[in-house]
Amino acid sequence: MGFDIRLPIGMMFLLFGLLVAGYGAATQGDAMYGVHSLGININLWWGLAMIIFASGMLLLARRGALALRSTIALAAEQDRKRHDPK
Amino acid sequence: MRPHPHWIDYAVIGVYFAFVLGIGVVLKKYMKTSTDFFLSGRSIPAWITGLAFLSANLGAQEVIGMGASGAKYGIATSHFYWVGAIPAMVFVGLFMMPFYYGSRARSVPEYLKLRFDEKTRGLNAISFAVMTVFSSGVSMYAMGKLLQLLLGWNFNAAIIVSALIVLAYTFLGGLTSAIYNEVLQFFLIVIGFIPLVYLGLKDVGGWAGLKARIGNDAMVHSWKYLGSPSANPMGVEWFSMLMGLGFVLSFGYWCTDFLVVQRAMAADSMTSARRTPLIAAFPKMLFPFLVILPGMIAGVVSAATLSSDARAGASPKTESARAANIGAANMVAPSSANGEISLEGGKGIIPPKVDESGRPLVKEGKVVLDYDLATPMMLVRYFPSGLLGLGLCALMASFMSGMAGNTTAFNSVWTYDIYQSYLNKTATDEHYLWMGRASTVFGLAISVAAAYVARQFNNIMDVLQLVFAFVNAPLFATFLLGMFWKRATGNGAFCGLLSGTAAAAVHHGLTLPAGSVPGVKGGFLGTVVHQYPSEMAQNFWTAIFAWTTCFVVTIVISLLTKPRPDNELKGLVYALTDRPKDVGLEWYEKPAVLAAVVLSMLVVLNWIFW
């Protein structure tokens, strides 16, 4: 019941990924990376990772929705044939 | 170290809150009946209920508590997972789900009513309702304290805001909303903590480097030093570990706590319900790496420092300003007003516990460390602004999923097992749906009150642990006998539960862990008959005594009282229920196969960290 949960998961992490990766790109070379994340621009890298994860989720959600739609269409088609065979 | 959030961190947190609330709003229109509200209409697929099963349990106690235990005891903390939780989850999936799901009980207390009698149900319902509301309150208190420390938020504001958000989405969307958000929270916690473990391990030189830095072999082995209590930091030996934690406490929690069982009951079929805990077991096995390792690393790394050149060239607009303060932290007086967290007297980046004036607490000549701050300090240490927002979201997610889990469990038990059973038996379904929503509100209100009560006490988390041992340990004996021995009777179960709880209280009252004073920690019955090497050992033995007493008393009283006829117990007892058939599954999806895979992975993990 309800909607496909992969949709909000995908959307939320996409937004996270864009925000964090964007900030990471904008602050490339900032001293804070040396202080905290061992010199690695972890914002950029992990932000990109989240975008990839989110895309995967959204793709799965889309596949689920398409499969559902084709199942419904198929059922409707069979129903029509049953009531109106030619 | 001085935590200092940036606008980007708040943006990330804002996105998270928006989604959490949005899910509740969207789901509201699907909540038409009370079954929709309390049990998601029994229509959720297994992978979702599996992740929710895991997440509902994944509260602050786990994310913060396991980090604290990792810092204190090392990798032996993994026993909570690899000896405790996972076997219990496998058991509940394979053997107990058929009864929970098949009996069509809408809650754990309701199963007890169907199997035994009304008074057994009543006892369980009331103790569970109280326990769950207080647990939620303690979670809120812990979160309030943490947000105050990390973000400088006002304690009251933190409590009210988090309570309102959880209230909003559970009120609107019921259990489905809680479940969807729990799955969201699961991913958030995993995605938030993976970079932390990566950076932490990289900094210390991997597992080998960590072992070298810790220096104490007993901290990096889980079984080798369990021969005697004095050989390991936990102060336990293998028998009480296996029986107390492995069997009684873990099985007692995972098999009887409605918080988790409710998620499996929401599944769309019997097979899905059985697979729910098994699916949850896979990620659960890997959680020690996410939550225990940061704690272990926290004790052996130092605060981030900025070289003076970089500090001179850094622009104050960036987080370098924050970083500069981190380097100066050790010079600053403890808990000064500007939000500085002093590490003076601490270990690694674990700060000392401080008294009201801000000076470190000392007990028996040694500084008392605030282990609960191990994981949060790791976040502050390794995450720059941006990722820090994500890490904080993960922390908040763990608190909120725990709170929502408690809230949804409470409103079900209240509405079905207390209100409908004793106060208003014949109302319409709309009325019960209304009561479900109303109880969400007052349940959370009571939790907020409990949070303020918790604030008054020093040891409230210990009290809660104790309550779990008192209540869940005997309850597990009751369930075992109820599900697998058809001769068990209602009177037997009731007496067993009462005497088991009493036995737990007596055991706790007559024993004391080494180095503690009589009071909450034990020994409150006058004399101390036995001293345990540690609190954990005492806790395990309390559980063992409670379970055994309940088990024996239930058997004895059952044999002396009249059982119910077989036809009434069909579907409620193992011997009188058809074995579940798993249709429509590939061989690798069947519960028995999943269980076998989980258990073999478990053996491998235990062996690697021997």
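# Helix packing and contacts in a two-chain model

Helix α6(B) passes α7(B) in a right-handed crossing. A crossing gets that label if the near helix is turned clockwise from the far one by less than a right angle, and it is left-handed if the turn is anticlockwise. The structure is a predicted model, in which local features need pLDDT of at least 70 and side-chain atom pairs count only at pLDDT 80 or more, while totals for chains, interfaces and linings use all residues. Residues are numbered from 1 along each chain as its sequence is written, and chains are lettered from A and ligands numbered from 1 in the order in which they are written.

Angles over 145 degrees count as roughly antiparallel, under 35 as roughly parallel, 65 to 115 as roughly perpendicular, and the rest as oblique. The axes are lines fitted to C-alpha atoms, for helices over the stretch in contact, with angles from 0 to 180 degrees between N-to-C directions. Helices are DSSP runs of H or I with at least four residues, strands are E runs of at least two, and both are numbered from the N terminus.

On the α6(B) side, the residues that meet α7(B) are Val108(B), Pro109(B), Glu110(B), Leu112(B) and Lys113(B); among their partners in α7(B) are Arg121(B), Asn124(B) and Phe128(B). A contact here means that two C-beta atoms, placed from the backbone, lie within 7 Å. By class, the residues of this contact are five nonpolar, two polar and four charged. Ala, Val, Leu, Ile, Met, Phe, Trp, Tyr, Cys and Pro count as nonpolar, Asp, Glu, Lys and Arg as charged, and the others, Gly among them, as polar.

Another pair to look at is α19 (residues 490-510) and α20 (residues 535-560) of chain B, which pack at an angle of about 150 degrees with their axes 7 Å apart. They are therefore roughly antiparallel to each other, and their crossing is right-handed. Their contact has 12 nonpolar, 12 polar and no charged residues.

## Domains and chains

Chain B is divided into domain 1 (1-329 + 380-456) and domain 2 (462-577), with bounds that come from an automatic or database domain assignment. Taken over C-alpha atoms, the centres of the two domains are separated by 25 Å. Their contact takes 36 residues from domain 1 of chain B and 28 residues from domain 2 of chain B. On the domain 1 side, α5 (79-102), α6, α7 and α10 (238-256) of chain B are the elements that give two or more residues. The largest share of that side, 12 residues, comes from α10(B). That side of domain 1 has 20 nonpolar, 12 polar and four charged residues.

Between the chains, 27 residues of chain A are in contact with 40 residues of chain B. At least two residues of the chain A side come from each of α1 (6-26), α2 (31-35) and α3 (42-83), and α1(A) gives the most, with nine residues. The chain A side has 19 nonpolar, seven polar and one charged residues.

## Burial, residue by residue

A residue is buried if 20 or more other C-beta atoms lie within 10 Å of its own, exposed if 12 or fewer do, and partly exposed in between, with C-beta atoms placed from the backbone. Helix α11 (residues 258-265) of chain B has eight of its eight residues buried, so it is largely enclosed by the rest of the structure. Among these buried residues are Phe258(B), Gln262(B) and Arg263(B).

| Residue | C-beta neighbours | Class |
|---|---|---|
| Leu390(B) | 31 inside 10 Å | buried |
| Leu38(A) | 15 inside 10 Å | partly exposed |
| Arg104(B) | 12 inside 10 Å | exposed |

Leu390(B) lies in helix α16 (residues 387-423) of chain B. Not counting residues up to four places away in sequence, Leu390(B) touches Phe16(A), Val20(A), Val12(B) and Gly192(B). Ile51(A) lies in α3 of chain A; leaving aside its neighbours within four places, Ile51(A) is in contact with Leu14(A), Gly17(A), Leu18(A) and Ala21(A).

The other two are worth a glance for their backbone. Most residues other than glycine have a negative phi. Leu38(A), in the loop between α2 and α3 of chain A, has a positive phi near 55 degrees. Arg104(B), in the loop between α5 and α6 of chain B, has a positive phi of about 60 degrees.
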